[in-house]
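Here is a friendly briefing to read alongside the model. Keep the sequence and the 3D view open as you go through the topics below.

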Amino acid sequence: MRRIMFAILAIIVVGGLAVLFGLFRSTAVAPEYEKPLSTAEMQALIPKGRELALAGDCFGCHSRPSGPMLAGGVPIATPFGVIHSSNITPDPTYGIGKYTRADFHRALRDGMAPGGRSLYPAMPYVYTHLTRPEDADAIYAYIMSLPPIAQPTPENTGVFRLPVRMFMNFWDLLNFPDRRAPQRADRSEAWNRGAYLVEGLGHCGSCHTPMNFMMGPDFSKQLQGAVIEGYEAPPLTSAALTSRGYDIDTLTTFLATGIAPQGTAFGGMYTVTHFSTSAMERKDVEAIATYLLTDATGRVPEPKQPPAPLPEAQHPAAGSPMDRGRLTYAAACAGCHGLQGEGIPNVAPAMKGNATLAEENPLNVLTVVVNGVPVRKFTGNQRLYAMPPFAHRLANDEIADLVTWLRAEWGGRDQPVTPEAVAAIPRSVE
Ligand code: HEC
Ligand code: HEC
Ligand code: HEC
């Protein structure tokens with residue numbers, strides 16, 4: 001008995017060490033990619049690589065808002081400390097200038113940097129794993145053609161100061177499946193392209209797919225919506241998008257400009273539309289919209305009309321919470337969003353038909369009303385005002401009544417919002 005226990009213990013220890021030292025890690029990169037590309041081959045791949053780098057939002061995560069492009073240093077907060085994105089310009093000291101072609105493939109497809117340095121999943125290699133070798137080549141060629149920037153990456157904080165990279169081998173064993181993009185001969189070219197971009201480089205699931213307790217994606221709930229950085233990244237299934245009124249045209253417009261009849265992109269989604277989808281070729285953005293909107297039977301369902309106002313919002317009893325909400329809207333919001341919720345071009349988006357109000361979870365409306373949205377640039381020189389914060393101007397119960405009415409009037413939602421829910425919204429520090 002004792003001996004059996006001992007044997008089991010030994011197996012566990014040896015197994016654990018084997019995982020820790022990466023014995024179970026395989027590589028998706030075939031030996032043929034050790035052969036360098038010629039200068040001419042690199043040159044020819046640059047335009048293709050640029051489009052794919054945009055699709056992968058390498059710029060959004062690897063460039064500080066005011067800093068040089070791709071020089072890294074963007075802080076990514078996790079419950080265990082801050083991870084900084086790396087400098088991925090071709091600088092030989094601080095960047096990836098010494099990366100070979102195969103090194104680059106391994107970073108993108110295996111999550112493994114040279115010298116057996118396991119990357120943290122803040123780099124979305126769980127998704128970029130799907131990148132085809134010829135596309136990894138193209139991104140490599142493009143990035144290596146950019147100016148090198150000698151800027152060191154700041155130190156990480158918290159547990160990430162410690163030598164914990166090895167433990168990523170455990171994480172990868174449990175959270176890094178060898179996925180492929182769905183590709184089907186019976187679907188259009190646009191659908192197949194969209195599938196490849198959404199599931200892979202575009203890493204939409206890194207925000208829109210719920211995470212497990214290890215902060216790994218729960219692929220059984222693919223794109224079904226998740227809370228990330230204080231916002232809800234709403235579900236992106238065909239049913240959810242069409243219920244919020246999207247068709248291929250409006251969804252393409254939302255991604256390509258950050259503004260659609262369903263509202264504007266804010267929170268983490270602004271970064272995506274600003275750095276990535278608005279700079280991509282229209283054809284690729286349309287492919288993303290096509291893939292997301294196509295249902296299991298291969299059809300793109302008709303978009304739903306915006307929900308009708310609920311009777312209690314249209315004709316509230318005088319002095320009722322709904323009535324107070326309606327009056328607050330008229331006093332504080334209608335100047336920008338219109339008395340009928342119609343919005344004002346170049347000032348503020350419409351509330352009527354706004355997808356944010358129709359979400360089941362009131363988190364995003366509450367966060368925007370409490371903290372506001374700073375002025376930002378949209379494509380095509382479109383500008384909007386800043387959405388002011390209301391945390392200091394309205395009491396929690398006023399905001400609760402206001403948002404309850406907004407959702408009932410334009411979102412088709414009858415669940416009331418409580419003052420406690422308003423109080424629970426973290427106040428932004430700015
Ligand atoms: C969601 C944010 C995010 C996106 C998008 C992203 N990266 Fe990263 N990347 C990171 C972070 C964070 C690190 C640092 C990880 C670490 O220290 O383990 C990193 C590390 C890397 C490294 C390793 C560099 C090194 O040796 O330290 C490479 C190469 C890289 N990224 C390339 C890319 C490319 C190419 C793209 C676009 C296709 C991309 N990344 C998109 C966040 C991102
Ligand atoms: C000074 C003009 C202004 C006022 C006043 C204002 N808003 Fe806004 N609001 C905006 C702008 C501009 C945006 C879009 C910001 C962006 O995405 O850049 C916005 C966005 C929103 C959004 C997010 C939806 C979307 O599509 O972006 C909601 C919800 C919202 N406002 C509700 C309200 C409510 C409720 C009030 C009153 C308490 C209010 N706003 C007052 C200008 C205003
Ligand atoms: C960094 C996190 C993040 C990533 C990555 C991300 N999103 Fe989002 N997305 C959000 C958040 C947060 C919202 C809610 C705010 C808003 O409506 O703009 C959102 C909203 C949206 C909406 C609006 C839904 C609605 O009901 O109006 C669409 C469409 C969308 N995302 C598509 C995508 C696609 C396609 C990708 C991949 C190319 C993607 N997102 C990647 C965070 C993200």
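Domain bounds here come from an automatic or database domain assignment. With that in hand, note that this is a predicted model, and that the protein chain is divided into domain 1 (35-151), domain 2 (189-293) and domain 3 (311-423). The shell around ligand 3 draws on two of these, with at least three residues from each of domain 2 and domain 3.

**Around ligand 3**

- If you zoom in on ligand 3, you will find 28 residues around it, and those that come nearest are Cys204, Cys207, Gly268, Met269 and Ala355.
- Helix 12 is the top contributor to the shell around ligand 3, giving 4 residues.
- By class, the shell around ligand 3 holds 16 nonpolar, 11 polar and 1 charged residues.

**Around ligand 1**

- Ligand 1 has 24 residues around it, with Gly56, Cys58, Cys61, Ser86 and Met123 coming nearest.
- Two helices, helix 3 (58-62) and helix 4 (101-110), each provide at least two residues of the shell around ligand 1.
- Helix 3 accounts for the largest share of that shell, 4 residues.
- The shell around ligand 1 is made up of 17 nonpolar, 6 polar and 1 charged residues.

**Where domain 1 meets domain 2**

- Taken over C-alpha atoms, the centres of domain 1 and domain 2 are 22 Å apart.
- Their contact involves 14 residues of domain 1 and 17 residues of domain 2.
- On the side of domain 1 that touches domain 2, helix 2 (39-55), helix 3 and helix 5 (125-128) each give two or more residues.
- Helix 2 supplies the largest share of this side, 4 residues.
- Sorted by class, this side of domain 1 has 8 nonpolar, 4 polar and 2 charged residues.

**The nonpolar core**

- The largest nonpolar core counts 83 residues.
- Which residues have the most contacts inside this core? They are Ile139, Leu251, Ile288, Leu292, Ile399, Val403 and Leu406.
- Leaving aside residues up to four places away in sequence, Ile139 touches Gly49, Leu52 and Ala53.

Note on methods:
Residues are numbered from 1 along each chain as its sequence is written. Chains are lettered from A and ligands numbered from 1 in the order in which they are written. This is a predicted model: local features need pLDDT of at least 70, side-chain atom pairs count only at pLDDT 80 or more; totals for chains, interfaces and linings use all residues. A residue is near a molecule or strand if its C-beta atom, placed from the backbone, lies within 6 Å of it. Ala, Val, Leu, Ile, Met, Phe, Trp, Tyr, Cys and Pro count as nonpolar, Asp, Glu, Lys and Arg as charged, and the others, Gly among them, as polar. A nonpolar core is a set of buried Ala, Val, Leu, Ile, Met, Phe, Trp, Tyr and Cys residues joined through C-beta atoms within 7 Å. A residue is buried if 20 or more other C-beta atoms lie within 10 Å of its own, exposed if 12 or fewer, and partly exposed in between; C-beta atoms are placed from the backbone. Two residues are in contact if their C-beta atoms, placed from the backbone, lie within 7 Å.
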